[in-house]
Amino acid sequence: MSEPMILRARVAAPVKEVWHALTDPAALRTWLAEHAEVDLPGRFEFWGRFTPDGDAPRQRVLNVGDHTLRLEWTLGGVATTSEISLEEEGPESTIVTLNQSHFDFQDVITGASVRGNLQTFWGLSLANLTDHVEGRPLTPKVDYTSATMREEVLIDAPMAEVYDSLVDSEKATRWFGYKIEIEPRVGGRWAMGGFDNPDPAKVIDLDEGRAMAVDWGPIGITSWELAESGGRTKLTFVQSGFDEARPPHAGWAGWLSGLAELRRFHELPDWKPIWIEAS
């Protein structure tokens with residue numbers, strides 16, 4: 001069933017700076033989309049490879065407030081509503097709230113509608129908005145026109161520490177923001193939601209200290225590999241073994257938004273998740 005989807009994130013920057021990043025076309029072309037054009041209050045459009053159904057701009061401005069932007073965004077022939085609002089939490093802190101209509105989680109599972117990409121598209125976008133405004137490197141975006149799913153990120157932390165955070169259930173749960181339980185051995189379970197999950201993924205390959213591959217069944221295999229890189233750790237993340245006619249872009253964006261938080265988990269001494277539970 002279609003239902004409103006709400007995401008809330010905290011950005012360590014003043015409202016004025018976040019609003020500029022949200023409404024400046026050059027900034028949007030950095031953290032949100034391949035192409036963007038803005039001329040408020042009449043025009044706010046983004047499209048291209050990094051946008052679902054992005055072969056053309058499909059947004060129409062419905063309302064612009066002091067720090068609120070409401071759009072109609074037509075996806076899969078359906079006019080959805082996207083609203084982004086900013087709230088000053090303090091002189092150097094802003095709460096970003098994203099309200100998105102016409103999201104049905106079944107579309108994530110079945111791939112029946114491009115709208116199944118909405119939650120993870122916005123999750124990765126808000127993670128990149130946060131890092132852009134805070135002056136940090138961005139996480140790679142999903143190319144919704146491609147069936148190749150391979151990305152690299154650099155993490156400013158020792159390889160052993162990064163490996164531990166990827167195989168230790170408690171640490172993985174902290175940075176991913178959702179309960180995860182892992183048995184780090186070949187044949188072990190990798191369970192989103194914990195071992196009560198009746199259909200966990202299965203660890204099919206493990207190179208201790210360096211790499212892991214996990215089989216998710218019909219949606220394919222996710223694998224990651226670590227390598228030293230100039231005092232930092234290079235993480236290469238790959239998804240394979242899926243139906244290339246229906247690439248699981250929604251899941252890929254979810255993994256990438258998780259990796260954005262993994263980087264912050266290791267690199268920020270006073271790390272707290274950017275995500276705030278929506279009331």
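Rings of Phe, Tyr and Trp (for Trp, the six-membered ring) count as a pair if their centres lie within 6.5 Å; planes under 30 degrees apart are stacked, over 60 edge-to-face, and the rest tilted. This is a predicted model, where local features need pLDDT of at least 70 and side-chain atom pairs count only at pLDDT 80 or more, while totals for chains, interfaces and linings use all residues. Residues are numbered from 1 along each chain as its sequence is written, and side-chain values use heavy atoms, with hydrogens and water left out.

**View 1. Here is one aromatic cluster, formed by Trp 175, Phe 176, Trp 190, Trp 216, Phe 237, Trp 252 and Trp 255.** Searching the whole structure turns up 17 aromatic pairs.

**View 2. Trp 216 meets Trp 255 edge-to-face.** The pair gets that label because the ring planes are at 70 degrees, with the centres 6.0 Å apart. Trp 216 sits in the loop between strand E12 (211–215) and strand E13 (221–229), and Trp 255, 39 residues apart from it, is in helix H7 (residues 249–267). Helices (H or I, at least four residues) and strands (E, at least two) are DSSP runs, numbered from the N terminus.

**View 3. Phe 237 and Trp 255 make a tilted pair.** Their centres are 5.3 Å apart and their planes at 40 degrees. Phe 237 belongs to strand E14 (residues 232–240) and Trp 255 to helix H7, so this pair ties together parts 18 residues apart in sequence. Phe 237 is buried at 3% relative accessible area (buried means under 20%, exposed over 50%, partly exposed in between; 1.4 Å probe, protein chains only).
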